[in-house]
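Welcome, and thanks for stopping by. Let's go through this one together, question by question.

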Amino acid sequence: MKIKILLAAMLATTLVGCSDKPKQNEVEESASVTTTKTEASVVSETVASDQNAVVTDDEFIWLEEVEGTDALKWVEQKNASTLEYLKAIPEYESIKSDALEILNAKDRIQWPSRRGDYLYNFWTDATHVKGLYRRTTKESYMSGNPEWTTVLDIDALAAKDGESWVYKGMSCLYPDYVHCAVNLSPGGTDATVTREFNLETLAFVEGGFELPVAKGGYSFIDKDTVFVATDFGEGSLTDSGYPRVVKKWQRGTDLSEAKTIFEASKQSVSASGFAMFDGDKRYELVYDSTSFYTSDIYVLHNDQPVKLDLPDGAILQAIFKGQLLIELRNDWQLANQSFVKGSLVAANFEALLAGEAQWYGVFEPTDSTSLASVTTTADYLFVNMNQDVSSMVERYEFSEEGFVSTPLQLGNNGSISIFNTSDTDNEFYASFTNFVTPTKLYHGDAEFLEPKVIRESPERFDATGMQVEQHFATSKDGTKVPYYLVKPKGFEADGKNPTLLYGYGGFEISLRPRYSSMVGKEWLERGGVYVLSNIRGGGEYGPRWHQAALLKNRMKAYDDFIAIAEDLVAKKVTSPEHLGIQGGSNGGLLVGAVTMLRPDLFNAVVCQVPLLDMKRFHKLLAGASWMGEYGNPDDEAMWSVIQTYSPYQNVKPDVEYPEIFFTTSTKDDRVHPGHARKMVARMEAMGHKVYYYENMEGGHAGAADNNQRADVYARVYAYLWDKLK
């Protein structure tokens, strides 16, 4: 079954044990991995300990104190000034109204999550602002008008506890799905409390397994035993702020009595334990993320960890019919065979444990295809691939000769997801989406590969006359870089079109076509051009595409983005006066860097929850975990590269920049809000006009509920229309 380490869209933490596959003790929405200290206390200690030793010339370091009195007063003033500007823009109120109507629409797809005999759904609307977790039967769901039973009312729980809870997912013990762990975040932080919940009684378990706010959590082994990785006190966290100690915890005992199973190095990113199943066979595994892109995997024998003999950087994808499947991040040369990076390879698991593994290939990438994900049913393996950025899915059937594949046809030039599978049958759900086609939800049987549409998202914008094209820009080193161009109705190549270019370009994350109600309604339908970039650093062409812009090659991602912008201008799609760019997290670093490099090329920049001070990123919150992506700025050779693009170190007083709009969240405990705060302060001190807004909650997502999300869309699109029309 699948157990991929998710790098998650926006600098995700290491989500060990996450899967859309219920045969593992699965995690539905997201894993929670955090620390018991509040972000404010962490930063206060960081500033106190590192200010004099590390940074002696940063006059704005006081803004790193997340909840410091002076810092919050500064934030309040900036927020007020920016809102005054934004609310005066004519489009602001209509965009906010549109966004809230779409977010709270009753006819949205009620996305199902399958657990045993029930389908579960997390639902938010105008009445249930924080959300309602509920369930129904398959038969009721298929009727088109399901009768829902409330499992957990987050609004009611928040009111009862007096806490602004944000639901962060529920993981349950396979195969009965009765004993569950609910993750609740105060205000949207990665840090969560974890509480045991019973799906028979539909109530929290009194005296059950419970953890305080922390980056970490627990995973069920059986109904009375869990793996737990959390903040156990001094010395129990990695340099990245995540758990490094894994223990087994028995029901009815105090957490202090839990038995230590494994301890990772402080230099690791994180460690965790989890159970995986292959039919009735249970494997107890420990995952040590030694860096963001390397890991050691252990199987427990009598509670003793035995390291699996796997190649460096291997990603565990599935245990299926006795076969262990891994994805390769690097080329792998064996005595009598070789595999290229990005391949999916397999070996008999028991033979591997005995030191007698014979590896064979299942999938091999090409110049235009790469592995995206792996999902299994009782008898089949689904392999989801990127083919020039769009999805292609094949079903693999295992035989003594290996795997035989058959394509699954759902749609072209879009994105496909396979989910809700189980090792007890061949049932599966799938979705298909692209830029102008409303998302479709399918249900089918893997044996017959003829899924039927059971839900379809309503049209949220008029796509009549819109055109979608894929182009390839030539980067500085000659590499052809793909991007999608979505033209509105009545488009003319006159260089005057308001154009929004979106990018990410990091952590091997792919940006694929998808139906965005907000982009369609608030940008395309109003006459804007939308561009999705697929620059190096992402995962669109697998590890090779990612590694091409890794560490000392980081500038190639920025070269690619600039090349796309220049291509749009050369084709007269737009001009610098009408070209805006947007990115969040690593994408915030992207747009910040290219704006410092080419301020003449853009007239609007939306820089969200960004990294910007790359001299100190590894000192702040989870930053140390990303040195595998950017390098260690304390290393002189590495800093000589990083300093060429680090936005905070490259802003200059005598350069004309676009009026950048920076956004972040006080509750972001992943990417420190100090990055955006300090950049704004430095730019203003140099006389540059910028805008800044910091939401007081919302975490790395920037918003904690639909009302806040509507505010975000209104602020962003009002700013873009004001600058680019």
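**Cysteines and strands**

C180 is buried, with a relative accessible area of 0%; buried means under 20%, exposed over 50% and partly exposed in between, using a 1.4 Å probe and protein chains only. Please keep in mind that this is a predicted model, where local features need pLDDT of at least 70 and side-chain atom pairs count only at pLDDT 80 or more, while totals for chains, interfaces and linings use all residues. Residues are numbered from 1 along each chain as its sequence is written, and side-chain values use heavy atoms, leaving out hydrogens and water.

Q: Which cysteine forms a disulfide with C172?
A: A disulfide here is a pair of cysteine sulfur atoms within 2.5 Å. The sulfur atom of C172 has such a partner 2.2 Å away. That partner is C180.

Q: How many disulfides does a search of the whole structure find?
A: A disulfide is a covalent bond between the sulfur atoms of two cysteines. C172 and C180 form such a link, with 105° about the S-S bond, which is right-handed. For the whole structure, the search finds one disulfide.

Q: Is C172 buried or exposed?
A: The relative accessible area of C172 is 0%. Because that value is under the 20% limit, C172 counts as buried.

Q: What is the strand order in the open sheet of four strands?
A: Strands are DSSP runs (E, at least two residues) numbered from the N terminus, as helices are (H or I, at least four), and two strands pair if DSSP finds at least two bridges between them. The edge strands, each pairing on one side only, are β18 (315-320) and β23 (360-363). The pairing is antiparallel, and the order is β18-β19-β22-β23.

Q: Which residue stands opposite F320 in β19?
A: β18 pairs with β19 (residues 323-327) in the antiparallel sense, over five bridges. In β19, the residue opposite F320 is Q323.

Q: Which residue in the turn between β25 and β26 has a positive phi?
A: β25 (residues 380-387) and β26 (residues 390-399) run antiparallel and are joined by eight bridges. Q387 stands opposite S390 in β26. The two strands form a hairpin with two residues between them, and the one with a positive phi, of about 50°, is D388.

Q: What is the bridge partner of S399 in β27?
A: β26 is joined to β27 (residues 402-408) by seven bridges, and the two run antiparallel. They form a hairpin with two residues between them. In β27, S399 has as its bridge partner G402.
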